[in-house]
Amino acid sequence: MSGIFELKTAKDLYSKLKREYLAFENDQINSDIAFNFFVTAWHLLEWAYPGDKSTQKTIRDSNVVLQICEHLAVGAKHFKPTSKKHTSVKDSDISGGVWAKGGWANGVWKKGVWGEKLVISLDGDASNTFGRQINAIDLAKAVMAFWQQYEP
C-alpha cells in the first residue's frame with residue numbers, strides 16, 4: 001500500500017497540512033483540528049524522506065519545532081510518550097478566558113466565546129526557544145514556516 005486514498009505522496013500530505021492549518025486558523029480552539037495538524041506535521045517528515053531514517057533523524061534532531069510535533073503526536077497517540085527523546089512538552093490544555101476553569105458547566109457556552117486558547121507548556125530546548133508556554137496556533141505558524149523551507 002502506498003499512502004491512503006488520495007494521499008499518495010509527500011506533496012499530497014503537505015497540501016493536507018496546509019488545509020489543516022487554514023482550518024486551525026479559523027477554529028483555534030478545536031482540539032480535533034490541532035491534533036490532526038500536529039500529527040500530519042510530524043509524519044510529513046517520514047513521507048518526505050521515506051525509508052531514509054538517517055536524514056529523518058538529522059532533520060528532527062536539528063529542529064525543535066519537529067521535536068515538539070513528534071512529542072505531541074506520539075504523546076497523543078499513546079496518551080503518554082515513553083521515549084526518553086520526548087523532552088519538549090510538559091502538558092497541553094485549554095487556557096485563558098474570562099472565567100476560571102470549571103467556572104461553568106460544560107456546554108453552557110460555546111468554546112472560544114470567552115477567549116480560551118489551546119496552549120502547550122514546554123520544557124528543555126523547546127522552552128529555551130519559545131518560552132515556557134506557547135499558543136497552539138503560534139506553534140502551528142512556526143511549523144508552517146519550517147515546512148515551507150522543506151516543501152516536498
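Biologist: Which residues is Phe24 in contact with, leaving aside its neighbours within four places in sequence?
Modeller: In this predicted model, Phe24 is in contact with Asn30, Ile33, Ala34, Phe38, Leu118, Ala136, Ile137 and Ala140.

Biologist: And which residues touch the most other members of the largest nonpolar core?
Modeller: Phe24 is one of them, along with Phe38, Ile120, Val143 and Trp147. That core has 39 residues.

Biologist: Which helices and strands each supply at least two residues of this core?
Modeller: Helices H1 (10-26), H2 (31-48), H4 (64-78) and H6 (136-149) do, and so does strand E2 (116-122). The largest share comes from H6, with nine residues.

Biologist: Tell me about H6, then. Which of its residues are buried?
Modeller: Those are Ala136, Ile137, Leu139, Ala140, Ala142, Val143, Met144, Phe146 and Trp147. As for length, H6 has 14 residues and spans 20 Å from first C-alpha to last, close to the 20 Å expected at 1.5 Å a residue.

Biologist: Changing topic: where is Leu7, and does it count as buried or exposed?
Modeller: Leu7 is in the segment before H1. Leu7 counts as buried because its relative accessibility is 17%, and the cut-off for buried is under 20%.

Biologist: What is Leu7 in contact with, neighbours within four places aside?
Modeller: Its contacts are Ser2, Asp12, Leu13, Lys16, Arg19 and Trp47.

Biologist: Last one: how do H2 and H3 cross?
Modeller: Their axes come within 9 Å and cross at roughly 145 degrees, H3 being residues 53-61. The crossing is right-handed. Trp42, Leu45 and Glu46 of H2 make the contact with Gln56, Ile59 and Arg60 of H3.

Biologist: What classes of residue are in that contact?
Modeller: Three nonpolar, one polar and two charged.

How values were computed:
Residues numbered from 1 in each chain as written. Predicted model: local features only at pLDDT ≥ 70, side-chain atom pairs only at ≥ 80, totals over all residues. Heavy atoms only, no water. Core = buried A, V, L, I, M, F, W, Y, C linked by side-chain atoms within 4.5 Å. Buried < 20%, exposed > 50% of the residue type's maximum accessible area, 1.4 Å probe, protein only. Helix = DSSP H or I, 4+ residues; strand = E, 2+ residues; numbered from the N terminus. Contact = heavy atoms within 4.5 Å. Expected span 1.5 Å × (residues − 1). Axes fitted to C-alpha atoms, helices over the stretch in contact; angles between N-to-C directions. Left-handed = near helix turned anticlockwise from the far one by under 90°. Nonpolar A, V, L, I, M, F, W, Y, C, P; charged D, E, K, R; others polar.
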